[in-house]
Amino acid sequence: MFICMFSKTNGKPSSWFVPVENGYCMSWRVAVEAYNERAWRTVPVQCLRYVENYMLGGQYDQDINMVVEQIYNYLRDVAPAADGKDAWILDIDETCLSNLFYYQGKRFGVDPFDPVAFRNWVQSRSCPAIPAIYVLFWKLINSGFKVFLLSGRDEETMGQSTIDNLHNLGFFGYERLILRSPAYRGIGAVPFKSEARKKLVAEGYKIWGNVGDQWSDLLGDCTGDRTFKLPNPMYYVP
Ligand SMILES: [Mg+2]
């Protein structure tokens, strides 16, 4: 079903047609990004094409670039001290690494989360880097910040493949990779990541920036001086 944006011209309909679903799906995506829509399990099926176009058509990349531009603006006012305790926290999935190829096979999140298939994908070590974040990663390290990679990936089953995947892409020189140890299995991302950040602060680190695609990366304790939310309309991590 379509609506026409403009009235007829020269007796013929204007070519400016906007699918009605796009209006709904755009609102849905904004609600997701603004954290008004919470605890959603799958992308609404009528938004499959919309999310596909968003992810593959250039807008997703542009939105990421906009966030990274804002990080660079913020970085102009932050100079690391000589004590080596100035830290940034980067998430992994849909932050450093992209699972877009995997989610293409899962109808961009219309299909429910499949933990076994996702683990197999991670173990294939095939995630590409998100280019703008890769550049940011090296900018942070070269500027003297300590970069901590903090992810809810299961340490036991995905730890080595995550390290291999990161290193193969050129993500090295980070201070620490913190994954979900068996003690944190079944615990939400907010308490898990809060605990990890609290430990860093107890070690004397100052968290200047915290970057992730999920609100659960950015909420809780010791979230950092600034948080930066990257887009992700494909899945929600509680
Ligand atoms: Mg993530």
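## Confidence of the model

What is the mean pLDDT of the chain, and what share of its residues reach 70 or more? The structure is a predicted model; its mean pLDDT is 93, and 92% of the residues reach 70 or more. Over residues 1–15 the pLDDT is below 50. This stretch has 17 contacts in the model beyond near neighbours in sequence. Where pLDDT is low, the predicted coordinates should not be read in detail.

## The sheet

Five strands form an open sheet with parallel pairing, in the order β5-β4-β3-β6-β7. The edges are β5 (176–180) and β7 (226–229), each of which pairs on one side only. On average, neighbouring strands of the sheet are turned by 20 degrees against each other, direction ignored. Helix α3 (residues 59–75) packs on this sheet and touches β6 (206–212) and β7. The direction of α3 makes about 165 degrees with that of β7.

Strand β3 (residues 86–90) pairs with β4 (residues 146–154) in the parallel sense over 4 bridges, and W88 stands opposite V147 in β4. The parallel pairing of β3 with β6 runs over 5 bridges; here L90 stands opposite V211 in β6. Strand β6 also pairs with β7 in the parallel sense, over 4 bridges, and G209 has R226 in β7 as its bridge partner. Strand β6 is mostly covered, with 5 of its 7 residues buried.

## Helix α2 and the residue after it

Helix α2 spans residues 48–56, and Y50, V51, Y54 and M55 in it are buried. Seen down the axis of α2, the buried residues fall within an arc of 125 degrees, so they line one face of the helix. In general, an α-helix has 3.6 residues a turn, so residues three or four places apart point the same way. Just after α2, G58 takes a positive phi of about 110 degrees.

## Helices α5 and α7

The axes of α5 (residues 115–123) and α7 (residues 155–169) come within 8 Å and cross at roughly 30 degrees. On the α5 side the contact involves R119, V122 and Q123, which meet T157, M158, S161 and T162 in α7. By type, the residues of this contact divide into 2 nonpolar, 4 polar and 1 charged.

## Loop residues

Most residues other than glycine have a negative phi. A39 is not a glycine, yet has a positive phi of about 55 degrees. The residue sits in the loop between α1 (20–33) and α2. A39 counts as exposed because it has 6 C-beta neighbours inside 10 Å, where the limit for this class is 12 or fewer.

C222 is also not a glycine and has a positive phi, of about 50 degrees. Its place is in the loop between α9 (215–218) and β7. With 18 C-beta neighbours inside 10 Å, C222 counts as partly exposed; a buried residue would need 20 or more. S126, in the loop between α5 and α6 (131–142), is likewise partly exposed, with 14 C-beta neighbours inside 10 Å. The C-alpha atoms of S126 and Y35 are separated by 30 Å, and these residues are 91 apart along the chain.

Technical notes. Residues are numbered from 1 along each chain as its sequence is written. This is a predicted model: local features need pLDDT of at least 70, side-chain atom pairs count only at pLDDT 80 or more; totals for chains, interfaces and linings use all residues. Two strands pair if DSSP finds at least two bridges between them. Helices (H or I, at least four residues) and strands (E, at least two) are DSSP runs, numbered from the N terminus. Axes are lines fitted to C-alpha atoms, for helices over the stretch in contact, and angles run from 0 to 180 degrees between N-to-C directions. Two residues are in contact if their C-beta atoms, placed from the backbone, lie within 7 Å. The arc is that of the directions from the helix axis to the C-beta atoms. Ala, Val, Leu, Ile, Met, Phe, Trp, Tyr, Cys and Pro count as nonpolar, Asp, Glu, Lys and Arg as charged, and the others, Gly among them, as polar. pLDDT is the predictor's confidence in each residue, from 0 to 100.
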